[in-house]
Each structure stands twice: as structure tokens, then as C-alpha cells.
Amino acid sequence: MSLAGKQCIISGGSRGIGLSIARLFAAEGAWCTLVGRNRESLVTAVESLERKNPLQHDTYCFDVGNVNGWEKLKSDTKNQRCDILVNAAGIPQNSFLFAASIPDLDNLVQTNLMGTIWGCKHFVPKMMKQKEGCIINVSSLLATHGGRGASVYAASKAGIVALTRSLAWEVGRFGVRANVLLPGYIQTDMTEGMDKNGELSALIPMGRLGLAEEVADAALFLAKNSYAHNCVLNIDGGLSAT
Ligand code: NDP
């Protein structure tokens with residue numbers, strides 16, 4: 001399947017993994033709407049995308065955990081298709097559960113889990129009507145393996161896996177595919193400073209962190225393969241096998 005002319009919404013598209021996915025999809029001829037909270041980084045990001053069709057890429061600045069932002073995006077795009085929805089917006093957990101503040105934990109769940117739920121909730125009906133669509137949710141290796149200081153992050157990411165697997169049952173017969181990526185440690189702002197002495201790399205069978213472009217390649221596979229459905233795909237340099 002070609003992505004030429006496909007219309008994509010990519011949350012977390014202003015940086016890191018989401019931006020790499022947007023760059024790859026745009027290079028394949030897709031038209032991307034990027035969602036993030038920071039207007040400046042969205043503008044820089046959208047300007048870096050190739051334009052291979054007459055449609056213009058677009059940006060939406062809102063907090064994915066706030067349902068109103070999704071309502072507006074849905075209403076503004078009611079006359080357009082949504083062929084691919086990538087839910088990549090996410091934030092890390094910065095402390096142990098016992099030390100974390102309640103607002104921080106709440107924000108973690110709202111952003112990572114509710115942000116993904118709202119994205120699916122608002123665009124799945126359109127895809128079902130089109131009888132075609134593809135959802136790619138970005139979870140994490142920690143969803144299945146856990147991690148010190150990542151309890152609620154891991155819980156939010158495990159929720160995304162569960163969401164996607166059930167959604168796959170609900171929408172498959174309507175021509176809509178739903179898949180989930182489980183990246184390991186990937187070099188982005190989120191992992192900045194985590195591998196200073198190579199200690200993290202030493203734990204990974206491939207001996208290094210992954211690149212956002214390598215996760216984007218997996219997203220492209222899921223977008224293009226018309227029988228890829230309900231996949232839970234690890235991209236982690238072998239870490240999940242340890
Ligand atoms: P980055 O920190 O590089 O980028 C995060 C992106 O999410 C930015 O575009 C950011 O934009 C956006 N974002 C964050 N919070 C919100 C919000 N409330 N509303 C809207 N947009 C938001 O992270 P990564 O690219 O590394 O991570 C992307 C996804 O991949 C996340 O879901 C993360 O959990 C997951 N992941 C990352 C791994 C890694 O090692 N890097 C490993 C496994 C999973 P802005 O700040 O402008 O709002």
C-alpha cells in the first residue's frame with residue numbers, strides 16, 4: 001500500500017519519535033497534521049516535512065489529555081479523511097510512586113493513556129465510515145517489563161496495549177487496523193542523559209539505544225501492510241528478550 005495522498009494525524013509530532021514518523025510518512029507522500037503543546041516546535045517540525053502533494057501539512061497545538069482539543073480537531077477536519085492516526089504524544093515519569101506528586105501522576109495518565117484514548121475515540125468512527133483506516137499507538141517496552149521509577153508510566157503504557165488489542169477486535173471488520181509499537185530505549189529528548197557512561201547500552205543486546213528513525217520504519221511497516229492488525233511490535237534492540 002502506498003502512503004501517497006494519505007491523511008495522517010500524529011500526536012507528539014513536534015519532536016522525537018512522532019516527528020520521525022511524520023518525516024517518513026511525508027516523504028512517502030502523506031499529508032500530516034502534527035499535534036503538540038508547543039507552537040514553536042510544531043512550526044519548526046512542520047517546516048521540516050517534505051511536501052509531495054498539493055495539500056499542506058498542518059499543526060494543532062493542544063494538550064492531548066484535554067478532550068476539548070480533540071473535539072476541535074475533529075470538528076475542524078470533519079470534511080477531510082483520516083487515513084492514519086498515530087498516538088505518539090507521551091511524557092516520562094520522573095520519580096518513584098511513593099515520592100511522586102498526585103498532580104504529576106494524574107498528568108502522566110491523562111497524557112499517555114487518556115490522550116491515546118481520546119485520539120482513538122474521536123477518529124475511529126470516521127475511519128469506520130470510510131471503511132478504511134490505520135491506528136498506530138506508541139506504548140513502551142516498559143508496558144510489559146516494568147522499570148524502576150516507572151510504575152505509573154508503565155501502567156499508562158500497558159493501558160495503551162490493552163486499549164489497542166480490544167479496539168482491534170471492535171474495528172477490524174470495518175476495515176480499520178489497530179496496532180501498537182513497544183519501543184525500547186530510543187535516543188530522544190526523553191532519554192537525554194540516561195546513557196552517559198554507557199551503562200544503559202550495556203544492558204541492551206544490540207549494545208546501543210535505538211534511533212527515532214528506526215521506530216518510524218516500524219510505523220511505516222504497520223501503516224503499509226494491509227494485513228497487519230492487532231500487532232504488538234517490539235522495537236528494542238533485543239531488550240525484551242532478556
Ligand atoms: P519526546 O519527549 O522527544 O517527544 C514527546 C512528544 O510528545 C513531543 O512532540 C511533545 O510535544 C508531545 N507531548 C508530550 N506531552 C503532550 C501533551 N500533553 N499534549 C500534546 N503533546 C504532548 O519523546 P519521544 O519521542 O521519545 O516519545 C514519543 C513516544 O514514545 C512517547 O509516548 C513515549 O512514551 C514513547 N516511548 C519513548 C521511548 C524512548 O526511549 N524515547 C521508549 C518507549 C516509548 P510538546 O512537548 O511540544 O507538547
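This is a predicted model: local features need pLDDT of at least 70, side-chain atom pairs count only at pLDDT 80 or more; totals for chains, interfaces and linings use all residues.
Figure 1. Gly133 belongs to strand S5, which covers residues 133-138, and S5 pairs with S6 in the parallel sense over six bridges. S6 has another partner to look for: strand S9, residues 232-235, pairs with S6 in the parallel sense over four bridges. To find your way along that pairing, look for Leu181, which stands opposite Leu233 in S9.

**Figure 2. Both sides of strand S6 are covered.** Strand S6 spans residues 176-183, and eight of its eight residues are buried. In a regular strand, side chains alternate between the two faces of the sheet. You can follow this along S6: Val176, Ala178, Val180 and Leu182 point one way, while Arg177, Asn179, Leu181 and Pro183 point the other way. Residues on either side are buried, Arg177 and Asn179 included.

**Figure 3. A shell of residues surrounds the ligand.** How many residues surround the ligand? There are 29, and the closest are Gly12, Gly16, Arg37, Gly90 and Thr188. Helix H1 (16-27) and strand S2 (31-36) each supply at least two residues of this shell. H1 gives the largest share, with three residues. Sorted by class, the shell holds eleven nonpolar, 14 polar and four charged residues.

**Figure 4. Cys32 sits in the largest nonpolar core.** Nonpolar side chains tend to be buried together in soluble globular proteins. Here the largest nonpolar core has 69 residues, and those touching the most other members are Ile10, Ile21, Ala22, Phe25, Cys32 and Ala219. Helix H4, residues 102-130, contributes the largest share of this core, eight residues. Now zoom in on Cys32: leaving aside residues up to four places away in sequence, Cys32 touches Cys8, Ile10, Gly13, Ala22, Phe25, Ala26, Leu49 and His57.

Figure 5. The chain has eight helices and nine strands. Its radius of gyration is 17 Å, close to the 18 Å that the globule rule gives for 242 residues, so the chain is as compact as a globular protein of that length. Along the principal axes, the C-alpha atoms fill a box of roughly 50 × 40 × 35 Å. Of the 242 residues, 45% are buried. What share of the contacts between residues at least 6 apart in sequence joins residues at least 24 apart? That share is 72%.

Note on methods: Residues are numbered from 1 along each chain as its sequence is written. A residue is buried if 20 or more other C-beta atoms lie within 10 Å of its own, exposed if 12 or fewer, and partly exposed in between; C-beta atoms are placed from the backbone. Two strands pair if DSSP finds at least two bridges between them. A residue is near a molecule or strand if its C-beta atom, placed from the backbone, lies within 6 Å of it. Ala, Val, Leu, Ile, Met, Phe, Trp, Tyr, Cys and Pro count as nonpolar, Asp, Glu, Lys and Arg as charged, and the others, Gly among them, as polar. A nonpolar core is a set of buried Ala, Val, Leu, Ile, Met, Phe, Trp, Tyr and Cys residues joined through C-beta atoms within 7 Å. Two residues are in contact if their C-beta atoms, placed from the backbone, lie within 7 Å. The radius of gyration is taken over C-alpha atoms; the globule rule is 2.2 Å times the number of residues to the power 0.38.
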